Amino acid sequence: MAIERTLSIIKPDGVKKNAIGNILNRFEKAGLRIKAMKLVQLSMAEAQGFYAVHKARPFFGELCEFMASGPVVISVLEGENAINKNRELMGATDPAKADAGTIRKDLANSIGENTVHGSDGADTAKTEIAYFFAETELVN
Ligand code: ADP
Ligand code: MG
């Protein structure tokens, strides 16, 4: 299997719950390595740019307001099959439908405030990593 990189965001609800360590521990236990990381609060413009693909969706305004509502932890994870591995650790978008033991099942409140973001494919991973990190900010 290929070594991949993916973008992870611990959303404002995850940071507010003091669950940063809990979530990072799950990534590390699954064999994913952190190649870049920052704790920041997104502006509305940054949130809107990041989620531009969803701008026609009815929840776009609420999603961007939520993402800009408090600090988030943005990281680049690397490992075998990292994109799908991270999606499996996250669980389904709606925590009510997420499998037992996933981050969203264990920690998320609702389909909107669902604790984590993870890239959904190789192309989006590349674009999303470049949206938040310069090449020089990734360690080798
Ligand atoms: P995922 O984060 O699992 O890849 P999507 O890409 O479909 O899910 O949606 C992006 C984000 O938009 C979700 O993580 C969630 O925060 C929000 N969202 C998705 N669907 C809804 C919905 N029906 N109502 C409110 N927010 C939603
Ligand atoms: Mg998505």
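**Entry 1: helix α4**

I started on the outward side of α4, where E62 and E65 are exposed. My cut-offs: exposed is over 50% relative accessible area, buried is under 20%, and partly exposed is in between, with a 1.4 Å probe and protein chains only. Helices here are DSSP runs of H or I with at least four residues, strands are E runs of at least two, and both are numbered from the N terminus.

Before going on, I noted that this is a predicted model, where local features need pLDDT of at least 70, side-chain atom pairs count only at pLDDT 80 or more, and totals for chains, interfaces and linings use all residues. Residues are numbered from 1 along each chain as its sequence is written, chains are lettered from A and ligands numbered from 1 in the order in which they are written, and side-chain values use heavy atoms, with hydrogens and water left out.

Next I looked up the buried residues of α4 (residues 60–67), and they are F60, L63, C64, F66 and M67. Seen down the helix axis they fall within an arc of 160 degrees, so they line one face of α4. That arc is taken from the directions from the helix axis to the C-beta atoms. I reminded myself that an α-helix has 3.6 residues a turn, so residues three or four places apart point the same way.

What do the buried residues of α4 pack against? I found β1 (3–10), α1 (12–16), α3 (44–50) and β3 (72–80). Contact here means heavy atoms within 4.5 Å.

**Entry 2: H117**

I checked UniProt, and an unreviewed entry lists H117 under "active site". Such annotations may be inferred rather than shown by experiment; feature names are shortened, and positions follow the numbering used here. I located H117 in strand β4 (residues 116–118). H117 counts as buried because its relative accessibility is 10%. Leaving out residues up to four places away in sequence, I saw H117 touch L7, S8, I9, K11, F50, Y51, N86, M90 and E128.

**Entry 3: aromatic rings**

I moved on to ring pairs: Phe, Tyr and Trp (its six-membered ring) pair if their centres lie within 6.5 Å, with planes under 30 degrees apart stacked, over 60 edge-to-face and the rest tilted. The count came to four aromatic pairs. F50 and Y51 have ring centres 5.0 Å apart and planes at 75 degrees, so I logged the pair as edge-to-face. Y131 and F132 are also edge-to-face, at 4.9 Å centre to centre and 90 degrees between the planes. F50, Y51, Y131 and F132 form one aromatic cluster. Within it, Y51 is buried at 6%, whereas Y131 is partly exposed at 37%.
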